[in-house]
Amino acid sequence: AHNLNNAFRIIKEVQKNFKQYENEKKELEDVIEQETLKIVSAKGVPRLKDLYCRPNLSQRRVIGTLEAHSNGFRFHNTHGGNIDVIYNTIRNAFFQPCDKEMLIMLHFYLKHPIMIGKKKTYHICFYTEVGEIMTDLGKSSHMYDRDDIEAEHAEREMRQKLKGAFKNFIEKVENLTRGKLEFDTPFRDLGFHGVPFRSSCLLQPTTHCLINVIEWPPFVISLEEVELIHFERVQFQLKNFDMVFIFKDYTKKIEMINSIPMSSLDAIKE
């Protein structure tokens, strides 16, 4: 009886491992092997320092540097890990400014997924955080006003400096790729709030897409791929409505944005 139980346990374990292997194999079917990055050894290579990456190579956030080479980007962190993103694997490139946001970033939506560590992803972004003004309730009113003004001025200068550095990097990359890679910037004034996943966020249109790249996971829809947008729960006694995106490729699963304020309906239709 003991031998039978032992054999049964081993068979179940083998079946479980084989099923896991098959699932992992199926999961990685659409992952492509990128071409080799051609490194430019010159000192003048376009570079952005002190960035974080999403998704991470490891469990901990590690700071690193993003460089633009002949045929792609390389992000190398202080722990020695590298992430390469070849230009021709990028479907859309976005520049998210830090206007009214605590992050400034470059976000890439890929044509095919790549492996970052052990994770498969269509999205990769490189970002830095902008300092936040903190209020100390223990300060006197006079002291707080002076410190608050100085902190606000310092943050404004930091935001301008970061925007300048990112825009300079983008300009160099677009020149390097001779316009084959162009960065899209969202129109914040045309944005609206909704719930694409679990939490509400600001959805912003760009020239070709509708995006939110501040939150993770990111939400990116290429409008060229959309056949039809359907509005659901549009009733004037309700405060919110939903949007359903139906793609030209009918095999692709629909995307939804829930709980959009009714006040945004007319602007979205336009």
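What percentage of the 270 residues of the protein count as buried? In this predicted model, the share is 38%. The accessible surface comes to about 17400 Å². Carbon and sulfur atoms account for 51% of that surface.

The overall dimensions were examined next. The radius of gyration of the protein is 23 Å. A compact globule of 270 residues would have a value near 18 Å. The C-alpha trace spans about 85 × 60 × 50 Å along its principal axes. Contacts were then sorted by separation along the chain. Among contacts in the protein with a separation of 6 or more, 47% link residues 24 or more positions apart. Charged side chains number 38 positive and 38 negative. The centres of these two sets lie 6 Å apart.

The protein contains 3 helices and 15 strands. An open sheet is formed by 8 strands, with mixed pairing. Their order is β4-β3-β2-β1-β7-β6-β5-β8. Strands β4 (82-86) and β8 (183-184) are the edge strands, and each pairs on one side only. In general, strands of a sheet pair through backbone hydrogen bonds, in either a parallel or an antiparallel manner.

Within the sheet, strand β1 (residues 47-54) sits between β2 and β7 in the strand order. Strands β1 and β2 (residues 64-68) run antiparallel and are joined by 3 bridges. Here leucine 51 stands opposite glycine 64 of β2. Strand β7 (residues 119-129) also runs antiparallel to β1, again with 3 bridges. Tyrosine 52 has tyrosine 127 in β7 as its bridge partner.

Strand β5 covers residues 90-96, and strand β6 covers residues 103-116. The two run antiparallel and are joined by 6 bridges. Asparagine 92 stands opposite tyrosine 109 in β6. In a regular strand, side chains alternate between the two faces of the sheet.

Is glutamate 13 buried or partly exposed? Its relative accessible area is 43%, so glutamate 13 counts as partly exposed. That class lies between the cut-offs of under 20% for buried and over 50% for exposed. Glutamate 13 and proline 186 are 173 residues apart along the chain. The C-alpha atoms of glutamate 13 and proline 186 are separated by 50 Å.

Terms used. Residues are numbered from 1 along each chain as its sequence is written. This is a predicted model: local features need pLDDT of at least 70, side-chain atom pairs count only at pLDDT 80 or more; totals for chains, interfaces and linings use all residues. Side-chain values use heavy atoms; hydrogens and water are left out. Helices (H or I, at least four residues) and strands (E, at least two) are DSSP runs, numbered from the N terminus. The radius of gyration is taken over C-alpha atoms; the globule rule is 2.2 Å times the number of residues to the power 0.38. Buried means under 20% relative accessible area, exposed over 50%, partly exposed in between (1.4 Å probe, protein chains only). Contact means heavy atoms within 4.5 Å. Accessible areas come from the Shrake-Rupley method with a 1.4 Å probe; for residues, only the protein chains shown count as cover. Lys and Arg count as positive and Asp and Glu as negative; His and the chain ends are not counted. The place of a charge is taken as NZ of Lys, CZ of Arg, CG of Asp or CD of Glu. Two strands pair if DSSP finds at least two bridges between them.
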